[in-house]
Amino acid sequence: AVLVLPQRVQAQTADPAAAQVQGFYDALLASMKSGGTAKSRYEKLKPAVEKAFDLSAMTATAVGPGFASLPDADKKALTEAFSRMTIANYAKNFDSYGGEKFTVEPASIARGSDHFVKSTLKTSKETIAFNYRMHQVGPEWKATDVYLAGNISQMAQKRSDFAATFSSGGAAALTKRINALADQMLG
């Protein structure tokens, strides 16, 4: 009984933010191993991405301050397009399995109300850091940004990429552009 107790305590104190990232990686790895088309991987990854990421918050960050003043219909259209693009990006970029391994640090780092989860992807050629900025949405932790190579904010990059389109054509033009990007990724 003495040996079982520490394992139970450890399981109960597992970091929920890190567990969310690990769950996403488990689904991503399963998708990579199953192969198939980008569209079939998209369908497999959709529930995992929606569970692990706060796609509404990510869309608002990627669009920038103008997002808050948009009509609800525009916010919805942009969020749906951004969600579709995000899922398509994972389906396209993680298309097959060649022995890759994801490692998640077991404890997140708290910074204010956000937690940061450190992880790596090890391939046969390199090790890449992916750090996740997480916040609590109800009882769950969800990612609001992914830092490529450990420190390159994907949401800052998206905001920079989207700024000119949003500024010149508004929500409709940006929604069209994001959907076109998703279509391109899905082939």
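The largest cavity in this predicted model is lined by Q20, V21, F24, A52, F53, Y132, M134 and A143. Two elements, α2 (residues 16-34) and β4 (residues 127-137), each give two or more residues to this lining. Helix α2 provides the largest share, with three residues. By class, seven of the lining residues are nonpolar and one is polar, while none is charged. The volume of the largest cavity is about 40 Å³, and the structure holds one cavity of 30 Å³ or more.

The aromatic residues were examined next. Across the whole structure, 10 aromatic pairs are found. In one of these, F53 and Y90 are tilted, with 5.8 Å centre to centre and 40° between the planes. This pair links distant parts of the chain, as F53 lies in the loop between α3 and α4 and Y90 in helix α5, 37 residues apart. F53 counts as buried because its relative accessibility, 3%, is under the 20% cut-off. Y90 has a relative accessible area of 11% and is therefore buried by the under 20% criterion. F53 also forms a tilted aromatic pair with Y132, at 6.3 Å centre to centre and 55° between the planes. Because F53 lies in the loop between α3 and α4 and Y132 in strand β4, this second pair ties together parts that are 79 residues apart in sequence. F53 and Y132 are both buried, and both belong to the lining of the largest cavity. A single aromatic cluster is formed by F24, Y25, F53, Y90, F94, F102 and Y132; among its members, F24 also lines the largest cavity.

Helix α5, which carries Y90, spans residues 72-93 and has 22 residues. The distance from its first C-alpha to its last is 31 Å, close to the 32 Å expected at 1.5 Å a residue. The buried residues of α5 are L78, T79, A81, F82, S83, M85, T86, I87, A88, Y90 and A91. An α-helix has 3.6 residues a turn, so residues three or four places apart point the same way. Cover for the buried residues of α5 comes from elements including α2, α3 (residues 38-52), α4 (residues 55-63), β4, β5 (residues 140-148) and α6.

M185 is found in helix α6, which covers residues 154-186. With a relative accessible area of 16%, M185 falls under 20% and so counts as buried. Leaving aside neighbours within four places in sequence, M185 is in contact with A38, M85, A88, N89 and K92. The C-alpha atoms of M185 and Y90 are separated by 9.3 Å, although the two residues are 95 residues apart along the chain.

The largest pocket has a volume of about 490 Å³. It is lined by 24 residues, and the closest to its centre are N89, Y90, N93, Q154 and K158. Elements giving two or more residues to this lining are α2, α5, β4, β5 and α6. The lining residues of the largest pocket divide into 16 nonpolar, six polar and two charged.

Conventions: Residues are numbered from 1 along each chain as its sequence is written. This is a predicted model: local features need pLDDT of at least 70, side-chain atom pairs count only at pLDDT 80 or more; totals for chains, interfaces and linings use all residues. Side-chain values use heavy atoms; hydrogens and water are left out. On a 1 Å grid over the protein atoms alone, a cavity is a set of points where a 1.4 Å probe fits but cannot get out, and a pocket is an open set with protein on both sides within 12 Å along at least five of seven lines; lining residues have an atom within 4 Å of a point. Grid points are joined across faces, edges and corners, and a volume is the space filled by probe spheres set on the points. Helices (H or I, at least four residues) and strands (E, at least two) are DSSP runs, numbered from the N terminus. Ala, Val, Leu, Ile, Met, Phe, Trp, Tyr, Cys and Pro count as nonpolar, Asp, Glu, Lys and Arg as charged, and the others, Gly among them, as polar. Buried means under 20% relative accessible area, exposed over 50%, partly exposed in between (1.4 Å probe, protein chains only). Contact means heavy atoms within 4.5 Å. The expected span of a helix is 1.5 Å times one less than its number of residues. Rings of Phe, Tyr and Trp (its six-membered ring) pair if their centres lie within 6.5 Å; planes under 30 degrees apart count as stacked, over 60 as edge-to-face and the rest as tilted.
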